[in-house]
Structures are given as structure tokens and as C-alpha cells.
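Keep the sequence and the 3D view at hand as you read.

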Amino acid sequence: MLPIVKRAAARLNRPTRPGRGAERAADRADAVLIAEAAGRDAADVLASLTSSPDGISRVKALARLEQLGPNEVAGEKPPRWYVQLVHAFHVPFNYLLLTLAAVAVFTEDYRAAGVITAMVAVSGLLRFWQEYRSGRAAAGLRAMVQTTATVCRPDAILDVPEDVRAAFGLKPHPPHPHQEERPIRDLAPGDVIHLSAGDLVPADVRLLSAKDLFVTQATLTGESMPVEKADVPAGEARRLLAAGTSPLDLPNVCFMGTSVVSGTARAVVAATGDRTYLGSLARHVAGRRAQTAFDKGVNGVSWLLIRFMLVMVPVVFLLNGLTKGDWGEAILFGLAVAVGLTPEMLPMILTANLARGAIAMSRRKVIVKKLAAIQNLGAMDVLCTDKTGTLTQDKVVLLRHLDADGKECEEVFEYAYLNSHFQTGLKNLIDRAVLEHEDLRETRELARRYVKYDEVPFDFHRRRMSVVVHEAFKGRDLLVCKGAVEEVVAVCHDVRVGGRVVPLTAAARDRVMDLLTGLNEDGLRVIAVAIKQVWSRPGKQYGVADEAALTLVGFVAFLDPPKESAAPALAALAGHGVAVKILTGDNELVARKVCADVGLAAPRTLLGHQVDALTDPALERAAEETVLFAKLSPPQKARIIAALKRRGHTVGFLGDGINDAPALREADAGVSVDTAADIAKESADIILLEKSLLVLEEGVVLGRQTYGNTIKYIKMVASSNFGNVFSVVVASVWLPFLPMLAIHMLIQNLLYDVSQIGIPYDRMDDEYLEKPKPWRVRDLGRFMLVVGPISSVFDVATFAVLFYVLGADTPEKQAVFQAGWFVEGLLSQTLIIHMIRTARVPVLQSTATAPLLVLTVVVMAIGIAVPFSPLGAAVGLAPLPAAYFLWLAGVLIGYCALTQVVKRWYVRRFGSWL
């Protein structure tokens, strides 16, 4: 290995400029692999990989995949089932419960230890089953939205051994390489791939050829500016390495996880999967990701409950120890209270809710890549989107081809056709409309008269692209440029009028812009076409500088009609509290016409150059008031979304182009479609199988339902625990004995956990789904303080009935007292599920789903039966007298009635129940 390559790998462990901290974590071997490829001639690299300029065959690729595994990094591979099983128990709540079980064993309360262990087992196994099922479902969903790479593969027959070929009489023939789209995971070292604008670089690759290739490496370096890559000689790469250049800055290699901004290239795959530079990073950071608002909210709630437990359990322990004198029993009772305050079912409920939400969304053509994004979609109150394909039909049709005077001109279309046919970048809707135009079929023969020499790829700064072609019949070379009207006209010196070429004076420019305005007002998208005769020579490379002193020949105008579903979809989103804003790179007049056609009021428009002129605070105010933003660049879209987020909005963004990737990353909920550019799909959290606002609106509703079922459980646990602690404190001071033994509380808590398994299967009321539901941890504290003490009122009423009416007022009769509170506590906690799950009157106005109803009835029946069963006798519970149940009915009815009264007051006072 070259010494300079070793030094380059070693330099990765040194501090570099900001944003490169992650690079230093990369394995040295991975840096050496790609640096060595950069420092060798392309032919040597191909030979070392047993490949050729035409790539490797399918048979060889399959053999390498069998040997090396799929092209996936550590973070993308689903864990084995036994790893998931261990992970399901790796929850702070379980460690807390197991600690309590160990204390119970130490104090020789083996029954309590057994019940606590059973609770951990039930919670962990349920979570494992939900995560295993959701993981398999998620893998199936992701397979529906695969990212592919363009691979060169020779015919498979070339791999047939010579003896077999001779046996079957097969004649040798030269290879016929062709390109095919293959899933990125199927790439193997030695594959030759084609890269163009919008592609993700699917592996670590060594460039074989490149044309105006610019790549963004933000995923590896944190730097948003694209860097240029080129097939420089190996000697140049070795010189750069010797000078201290990082492998990431070498011009003739590209890295997995980066993306192509513009240009084209052919490259050979040097490393795949965990052997890539990104793979080495993933081994160090696998499993780590930035916390979403949902993650932070759940963690906040969990720690709130844990802190509450850490404060109240010692209080309960001291009160019982001081008043009863039995410190051993006080310890066990304190442990039982701690278990009761632990929301051990929270991880399972969260996983089940998100998994069910993702599967339900997939049935409505919405694929969730990141489960946590479901809540963000439900919380979304502003949706930013491009107009193409969402408000319009995404079926662009070429209607007119005009000269500079506005007259139909066949020559203009011919030049547009040459440009679209010969360009090798990402062919967008405009290019496809030109190539599929049916009015002038003979134009399709144009390609046979011309030979392509070179091209200047499209980028979003210039907003134009050019091809250089040679016409053998006339013996001339032409540069043909096509792009946005303002940007093309800006590089034109002349204009063709009536068959004559005249200078593009200010007056002529005004006439051109008047023609453009008229077409735009009719809702037509207009592209300018210009040409320049050039004189090519062997080896000449054309660039942006050659796009100068052009001659404007005319325009091609396209229609993208509004969707019939656009207006109803906008109304449905507005009805669910989601404001729609249009962020487009298109012309203001065209965008305004489309907005008017679909009924989207846009009294004010903000253009890209105006966005740049605004400070951040000024942009925040303008973004709040503006519906239509036009002529935007990719960074401007992302800046607008960031401004809306700073105003407190939860922002979604729907986009499918290369220029949408920054905005998709910036948004709280990035949404793309399965036909989008690779970089857009990878940047998105959610993929639509149908580019429609109606489909997205259904996803918003399902997101809110998923969030609603989660918040139900959290508020039930928080309020119930808060009330139970008050009841325990009162009982500890009042009674001469414990209101329940530790084992009773543990059995009650286990049954209560079982009753909550049906929550993920519940439904939400229609009015709950009408408005966005952002995560508000502050609301939880208020809910606990208001709703929690209600149960304490009726717990104390139950204490009074048992103590004064039924005569369970001595230690000799404590078994009856404890059985009475066991049953009342379990039934009230189970019924509160139905009281909290809706702001309406339960059962009469809003009924839970069958699974939740069945579990409620079963758990209540078991709870009533326990004191009369051998299990009850074994744990010290006595059968209850018949009179108790009459009082119990009154207590439960009063409890539900008071909760309903408080609920109505709470909704009027604070506006929302859940």
C-alpha cells in the first residue's frame, strides 16, 4: 500500500474543520480502501475488482452478494429476533421493577417478587411481540419504496463456461452491456453505475468519467455547499493525498450517502455496506438519532412520573412506619406503591400505537419510514407544498411552440427536442412532454441527423441546461440551451425575428416579456429556447461560460391542468386545521392562476429575491401572512419552513424533486412520493404511493388518531397514579392497619395493565381529529391536578363505608377492608379508561372498540371474583358481604358522574380534554 494512503487514513483521526467530528470515528481500514482506489489508475481499480468498463454480470454480482452480504449499513439492517427480545426488556421502568423484586426477595416476600416479575414478563413480551410484528411490517412497507441505482451489466450468457458453451454450440460474441435499475442493496463491488442529478451515491465509488459533477456531502461533513468531482488522473489524486487532503475531498471518488446535485458520471463500486466510509461511521453511531418533539415529550412524561414516585414513596413509607410501627411491612407497602406508580406498559402502548398507525396508513397508500413521524403528521398545522402534482395533474402537455413574435414555429420545437433528447441528466416532466409530443412525429427523426458532443448540466442556480451537437448534413456545431425564460434571456445577445437575427434590444426584451406574461396569465408554463453556433475541436470541454451571447429563437409552452380533487382536498385540510402554503420555483403568474383555479386564496405573493432581502424576524412575520411563494431556490424553501417553525408551527413539506431535499430535512414531517428523486425519498419521513393531497389528508387524520390513543394512556396513568397516592396517604394516617397489602396492590396493578392492552385498538371522536394535536407536557401536569383527586374522593368514601357501615374497623377484619378497596380500586381504575378516552358521555355518546370493551369486562369480572377465589384466600383477602356491592355501585356511579361534570368544566375552561 502507498505510504501516502496510510498517512491519509491516519489524518482522519486528527481534528479537522468544524462539522467533521464524525469523520474521526471512521475505521482506518475503510478510509484506506477508498483512498487506495483514488490513487490508482481506473484500469488498475477495475482489474483489482475483476471488473471491466462494462461492469460485472448478474451471476458474478450474485456470487459477491452471497459472499459479502447486501449493500446495507449497520443502522439499516433489522436486528435478529433474539436481539429484539433482549431490547424489549431494556427499559428503565423494567430495571426499576426488577430492583423492587430483588428487595422483595431480600425481605422474603416471594409472592410479591413473583407478581412483579410476572408484570415485567408481560410488559416485555407484549412489547417484543409488537415490535417484532411492526418491524416486519415496516420492512415490507420500505420494500414498496425502494431506492434504485442505474447499473451496467453485460449479458448473462457471457458468464457461461467455455465447455458448456461448446457443448450447446453457443458461439462467442462480444458483450452487449446495458443499463438496468437495481435496488441499492443489490450492488456489489465491481458494478459499474451511472450517476445523474438527483441520484444518491449508492456505495463508495471510483469515478471512471464525469461531466460537471457536483455532489453534496452534508451527511458526512455537515457542509451544505456542493463539491465538484472529476475523473482526475491517479497521479493528481496521489499528489493531493501527499499534500494532506482528506479522502472526502479527493475529486475522483464519491461516498455512499452523498447525493448528486448536478452533472453526470460513470463509476465503479469499490466498497459496499459496512465496508464503506458511511458504514464505518454507522458502526459507531448506530441507533443514535436526534430526538423528535414526540420523543422528548414521552421522555418528559416518564421522568415526571419517576420523580413523582421518588418523592411520594418515601412519604408513604415513613407515614406507615410511624403510624403502624411495622417498618418491614411499611417497606413492602412502599415497594408496592412504587410499582403502582411505574408506567411499565408505556413502551408497549407506544410501540403498538405507532405500529398500528403505520399499517393503517399503508392501506391508504401512505408509507411511514420513521414511526415517530406519525405523531408529527398528526400535529401538523401548516403544510408547504409545490403545486406540480399536488394542485395540478402532474401530466404536463406541450401545447404551443412559438417564435419571439408569438407565432407557431416548428424550428423552435426541433431545438427543444434536441435538447431534451440528448441531455443525460434527470429528465423532468418538461423533457418528457417534449419527447412525447405527438403533433410533429417527423421530428423524432432529428436524433439521427445529429451527434452529441457535450452538455452543460442543469442546476438550480442557473435554471437552464445546454447540449452541444454536430449536424453532419450542414457541417455545423450548435449549442442548444433550454430553461427558465428570465435566466435564458439573460445570456442572450440576439433574437430571431421573422427569420432574421437582430440584436436583443431593451424594446425587444420588453416585447418578449409581454409575450411571456400573456402566456403565464393563461396558466401556461413557458420555457425559452436559444442557440449559438460553435466550433468544436477534439477534446474541448464545454461549461457554463459557453452559455453566453446566445440567440433567442422562441418558446415552448406547457399546460399542467389543475386536479379535480385539489379543491376538495384543500377544503378537507382546512377543515382539519391545516393551512396550505405553496412553495414553488415556477413563475408567479402561473402559480397564481393555478391557486385561483383550485380556490386557494393567495392575496400576497413573496418571490425568492424578496425572501433573501428579509431578516429572519421579518421573514417569520411574512411567512405567517403569505400563502404563495414563487421563484424559490432550494435554500429559500428550507429557510421559509424554518421561519414557520420558529413561530410555533408544526410544519410538513410535500416535495419530490432534487431541489426539495433541504426543505424535506428541515420540516417536522417530510413527505415525498414513490416516484420522487432518490435524494427526495431518502430525505422524507413519509412516502405517498399516490401524489395527492387527499391521501395526505387521510394520513393526517390517522396520525392524530395514533397520537390520541397514546395520550389516552399517559393521562390515564398520570391521573390514576396521582389519585392513588392521595388515597394511600389518607389511609396511612387514618387506619390502624394497611389499606391493602403489598401483594394486593401488585395483583391489582397487573390486572389493570391487562385492561390497557386494548387501548391501541380504540378509536377517537370526530371532533378530536378536527384540529392539530401538538405535544404539550404542561397540559399533563394540569390534568393530573384536576382529575387525579376525583378518585381519591371516592376511595375515601369507600374507606368510610367499609370502616363505619360494614364494620371492618379492626385488624381482625382488615381482610374484608382490604378486599373492599382492592375491588373498588380496580373497578374505578378500569372504568376511568372509558371516562378519559372521550370528551363526550361514555357509552351513550362514544363507545370504545370491542377489544377494549371486552378487556374491561373481563378484568372487572376477575377483580370481583378474586376475593372469593382460592387466590384471594392465599393472599389474605376475605369474601365481601352482599351489602358491599350496593354501596360499590353507588360509589362507582358517583365517581363517573363527578368525572363527567369535571370533564365538561375542564373542556370549557381549557378548550380540550385530551
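A residue counts as buried when its relative accessible area is under 20%, and as exposed when that area is over 50%. Cys384 has a relative accessible area of 0%, so Cys384 is buried. Keep in mind that this is a predicted model.

Stay with the cysteines for a moment. Cys481 is also at 0% relative accessibility, so Cys481 counts as buried. Is Cys481 bonded to another cysteine or too far for a bond? The closest cysteine sulfur belongs to Cys492. It lies 7.2 Å from the sulfur of Cys481. A disulfide needs the two sulfur atoms within 2.5 Å, so this pair is too far apart for a bond. The structure as a whole holds zero disulfides.

Now turn to the sheet. Strands of a sheet pair through backbone hydrogen bonds, either parallel or antiparallel. Here eight strands form an open sheet, and the pairing is mixed. Their order is S8-S23-S22-S21-S9-S18-S20-S19. Which strands sit at the edges? They are S8, residues 366-368, and S19, residues 605-607. Each of these pairs on one side only. From one strand to the next, the twist averages 20°.

Strand S18 covers residues 579-583, and strand S20 covers residues 628-630. The two run parallel and are joined by two bridges. Ile582 has its bridge partner, Leu628, in S20. A helix packs on the sheet here: H22, residues 588-597. Helix H22 touches S18, S19 and S20. Its direction makes about 150° with that of S20.

Next come the rings. The structure holds 19 aromatic pairs. One of them joins Trp734 and Phe803, with ring centres 5.8 Å apart. Their planes stand at 50°, so the pair is tilted. This pair links distant parts of the chain, 69 residues apart. Trp734 belongs to helix H28, residues 693-734, and Phe803 to helix H30, residues 777-805. Are the two partners buried or partly exposed? Trp734 is partly exposed, at 28% relative accessible area. Phe803 is buried, at 14%. Both belong to one aromatic cluster, which also includes Phe737, Phe799, Tyr804, Phe817 and Trp821.

Rings also meet charges. The charged end of Lys540 sits over the ring of Tyr542, 4.6 Å from its centre. Arg782 lies over the face of Phe910, at 4.0 Å from the ring centre.

Key: Residues numbered from 1 in each chain as written. Predicted model: local features only at pLDDT ≥ 70, side-chain atom pairs only at ≥ 80, totals over all residues. Heavy atoms only, no water. Pairing = 2+ DSSP bridges. Helix = DSSP H or I, 4+ residues; strand = E, 2+ residues; numbered from the N terminus. Axes fitted to C-alpha atoms, helices over the stretch in contact; angles between N-to-C directions. Contact = heavy atoms within 4.5 Å. Phe/Tyr/Trp six-rings, centres within 6.5 Å; stacked < 30°, edge-to-face > 60°. Buried < 20%, exposed > 50% of the residue type's maximum accessible area, 1.4 Å probe, protein only. Lys NZ or Arg CZ within 6 Å of the ring centre and 35° of its normal.
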